[in-house]
Amino acid sequence: MTSEPIRWLHLSDFHVGKDHYETRKLFGHLHDHVKEICQTRFVPDMVFMSGDIANGGVEDEYIQFIEEFFDPLKKILESFQWKGKFFIVPGNHDVQRKYVKDIPRDSRLKAASNFFRASSDGLQDRQIHELRAVEQFGELIILTDSYSDNWLESEEGSFVSTFKIKERTVGVAGINTAWLSRDNSDKEQLSPGVDLLNSALKKIKDCDLRILLGHHPVDWFFPEHCIRIQNLLGDNRIIYLHGHLHENRSKPLETGGGKFLQIQSGAAFQVREGDETKWKNGILWAEVDSELKTILLQPRYWKDSESRWGISDDLHEDRRVKGNWWSFSLPCNKTISEKEKDSQDADQTLSVDMPDGWELIDSKFIASRSRQEINDNAFIQYFDGAVPSWHQELIRALPLRNASAKAVEILKQAKDQDRSTMLLLSGAGGEGKSTALIQVSYALYQSGDWHLLLHTHGDKPLPIEQLRDFPADKPWLIISDDADLIAGNLSATLSWISQHRRDIHFLLAARQSDWYSAGGTRVGWSQHCAFYEIILGKLEQNEAEAIVQLWRKYGDQGLKNLHSSTHEEASHKLYQASLDQAGKGEGAFLGAMLTVRLADGLKDHVRLLLARLKKQEIKQSGGKTLLDAFAAIALMHLEGFDFLSAPVLSQFIYDNPDKSPKGGILIPLGKEAAATSAGKFIFTRHSIIAKVAGELLEQDFAVDSQEIFALLGAAAIKAKGKGTYILELGKWNYDFPEHFLKTNRQQTAIVIGKFQLECDPGNLKLLTNLAKLYRKSDNAAQAAQLFHNYSAGKKDRAFYYEWGTAEGTAGNHALNVLLAAVSIADRTTFAPPDNKQAKLSLAGSGVAFEQLYGQYHESIFRDAQHACRVLGLCLFLDTRAEGCFTKDCESTSKQGAPDMDIQQAVDAFSLGVNTAWRYADIDESLSKQLPLAKDEMRFEELIKLIYASIAKKEKQPSRSA
C-alpha cells in the first residue's frame, strides 16, 4: 500500500463580473501561487470549486472565468504531469434570479411536489424555472471538459465520480444547494433535496474516501431538511466541502447516524487589493494521510501589503500543527457495519465490573435494543407520547433537538479538557429530556471516542473504588436519566474525580422539581467540575418545522389533525402551542404535540388507549390489567399528587412492594404513551392525558376513583408494614386524605382514612387523623366514638387533644376541657408539651370554657377561659393565633375576669379543669380511658415552657429595631 497522501486545492466564490480589473489581478496571483506550490512537489490530485463562479450568472462572466482563470490553471497543473480532476458546482450567484424570484420556495417543498425527486417527474418540475435560472452555469460545465454533459439536467440532479488515487478509491459527489435560492434572505430557506442527495451518496458509499461538494453550509438548509441531511452525511461519513461564507472554516459534526466533516473555503475574490479591513481573498489547501485518518488544512489569503499569499489563522488554534497546517480527524472510512464490528471486538476487550443498576453502552447494548425491526407504528407511538427507546433506527430518524446538538458540542469540547464536566438536561415532565439524553449518548457512542456508562435503575452511584479501576484509554461519560436518584452522592464522587480522574464526565437528566427536591440546586458543582445546565422547554421554530416534516413522512397518521394544513401552518401551530403550554408545570413539548396533533381527537385517542390496556393482563397480579395500573397513575396525576412511588404501585398491583413494576407495568405503559417513571415517582406522560383519562375511566370503563384512592392509601400503609421504605409516607398519611376534604369530597377522604387504619389498627396517628376527618366532615360523634373504642395501649398528647376537640364539636364541652388539659398536663409517659401543642390545647380549652360559662354561668369557667388567653399570649404565636388570644383576653376582661400573672393563670386554669369534672358525663369505661383522675392534673412542664418562651422573647430584638 502506498504511503503517499491525497491532496487537493479548494477554491470558492470567485464572483467573476464583480470587478473585472481586480479579478484579473487576483487570477494572476492565484496562478503564480499554484505554480509555486507545485514546484515544492505538492501537486494537488483534485481541484474543487464550490460555487459562485460568476457574480450574476450571465454568459460573459463564465467566458471570462474559462479564458482568464480555468484554462490557464489547467495548463499550469498539466506542466507538472498532472492527471487530476476538476469538480465544480453552482452557488447562489450562479442563479439568474429574474427567472425564479416570483416562484415560492414552499411549492417545491410540499409533500405532493416531485421537485426534489431523482426521477423523470422531478427533472420535469426542475426544468420549468430552476434549470433556466442556471442555464449559463450549465454551459460552463460543458466548456470545462470536466463532464460529458450538464449534470444539472439529469434526473439525479447531481454528479458522481468514483476513481482511484494512490491505491485508494475516492468518491466525489456534487450537488446544487442553490435550487431554491431567491434573494438575500436565503438562510434556512434552501435545500439540495434529500432525495437527490441520498441518490448521489448511495453511489459513493463503498469508496474509501467520500467527498461531497456543495456551495452552502448545512445550517443554511431548511431546518427540517437540515436534520435529515446531517444524518445522511453522518451515516456515510462524508467530507463536505463548501463555500459561501467567505471565510475558511472546518467543523467536525456528529449526528444520530455518525460524524462528518464540514470544510469551508474562503472566497477567491471578494475585495479589491488594499481593502482588506474586513474580508480577505482566500483559498484552502488540503492533504489526507495515506491511512485516511487525518486531514491537514492550510488556509491562505492574499496579503496585498506584502504581495504574497500568507497563512490564514482563522481555523481552530488548538488544532494547529507544525508547518502552519491545521489537523482534523477524518470521519471513519469504514462502513457502519464494519465500524460496529470493530466496536464489538473492542467491547470484548473492555472488562469492567459493574454494580447492579449500571450498564455499558456498547455494541451489544445497542444491538440488544435494536433487534426487532422498527415499523411505522413505533414512530406514530412516539408522536403520541411514547417513552423513547434506544432503538438505533428511531434515534437516527428523530429530529435532533437544539439542546441535543448543543450538548454534543459541550461534551466534545469537554473530552479534551483537563477537568470533569457535568451537563444537566432539565425541564418539566414531557419536555423531551429522555430523547435528548439518548440522542446525545448515541452520537458520542457513534464517534467511538468515549466509554459510556448508563444508569439503568436504583439510587447507588458508582463506588470510587470502581471508578479508580476504569480504563483510561478513552474518557468516560456517566449517563443517568434519573439524576435526582444519585444527586446526593455525586458531590463526594466529584470531589475525588477532580483530584484523581478528570477524564470522567457526566450527562444527567431530571425533572427540575425532582432535582430541586434531591438537593441538586444546593450543591456547588462548579467547585469540582465544569457545570452546565440546559433547560428544555418550548420549541424553537426550526424544531417545530423538523417535527412536522417527520410527521408528514407518515401521512395522515403522522399529521392527524394537521393533515389539511400546509407545512408552514402546521409548524406555526405546533410552535405556538408550545409557547402556550410553557410555564404550566408540565412539558410544553409533549403538551404541544398532543393538543395540536390530536386536538379534538384526543378523547377518542385516549379511549382507544384505555380499551387496549383493559385487554392486557399483568402477570402475577391476580388478574389485574394494565388499565388498573394506569387508572391509579392517571388519577393520582390528575389530582396533582406527585408521590406515587414504585413500591406503592407494586403493592397495589402485585400485593408485593418489593417487586419492580418496570417490566410488567411501566415499560408497556411507556410504549403505549401512557405513563413514565420520572426519578423516584410515577406519572402519566402528561397531565393532558391524565385529565382526559380521568373523565373516561368513570364514564366509559366503570372505574371507581374513590376505591382506587382508598386502595392506594392502604397500599402505602401495607408496604410500610412489610418493611419497605416508602417515600413521602407523611403525605400518604395526612396530605392525601386531607386533599379530598379540602376539595369537598369528604366521603372519599373518610374512606381513605378507614382503609388506612384497617391496615394498621394500632397506629395512633392514623386513628387520630381519621377522627379529624370525621370531625371536619361534620361527624364529630363518629370521631369521638373512635377514641372511645380505642384500647390498643400507649397514647400521646395529640391523641387526647384531637379526642377533646371531637367531644367539644359534638357538644361535650366539659369532657373537651378534661381531655385538652390531659394533652398538656404533666405525665411521665409523655414528652414535655411543646409550643405547638400548648398553643392548640390552650386555645381549645378556652373555647370549651367559654361554652361552659355560657351554659352554667359559673365565674370559675370565665376566669379559666381568661387564664387560657393569658398563658397563650406568653408562647410563640403566629400573627393569627396572637390576634385571637388577644381579642378573647380583652373579651373576658370586659366580662369581669381579674388580671392574672402566670401562676395565678395556671391556678385559675387548674380550678376550671377540676370544676369541669362535675359536669362531665364519664361512665366507668370512659373513666378507664382517662389517664388522670380529678385533682391529679399538674402543669409544671407547661409553666417551664411558658417561662422559657418569655426568656427567649426577651433576648430577641424588638420588631421596631
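Reader: Hi! Is Asp 700 buried, exposed or partly exposed, and what is its relative accessible area?
Author: Asp 700 is partly exposed, with a relative accessible area of 38%. Buried means under 20% relative accessible area, exposed over 50%, and partly exposed in between (1.4 Å probe, protein chains only). This is a predicted model, where local features need pLDDT of at least 70, side-chain atom pairs count only at pLDDT 80 or more, and totals for chains, interfaces and linings use all residues. Residues are numbered from 1 along each chain as its sequence is written, and side-chain values use heavy atoms, with hydrogens and water left out.

Reader: Thanks! Which residue does Asp 700 form a salt bridge with?
Author: Arg 607, with the closest N and O atoms 2.8 Å apart. A salt bridge here is a side-chain nitrogen of Lys or Arg within 4 Å of a carboxyl oxygen of Asp or Glu.

Reader: And which helices do they lie in?
Author: Asp 700 lies in helix 26 (residues 687-701) and Arg 607 in helix 22 (residues 602-614), so the pair ties together parts 93 residues apart in sequence. Helices are DSSP runs of H or I, at least four residues, and strands are runs of E, at least two, numbered from the N terminus.

Reader: How many salt bridges are found in the whole structure?
Author: The search finds 33. Another of them joins Asp 418 and Arg 502, with the closest N and O atoms 3.2 Å apart. Asp 418 is exposed at 57%, while Arg 502 is partly exposed at 37%.

Reader: New topic: how many disulfides?
Author: Zero in the whole structure, a disulfide being a pair of cysteine sulfur atoms within 2.5 Å.
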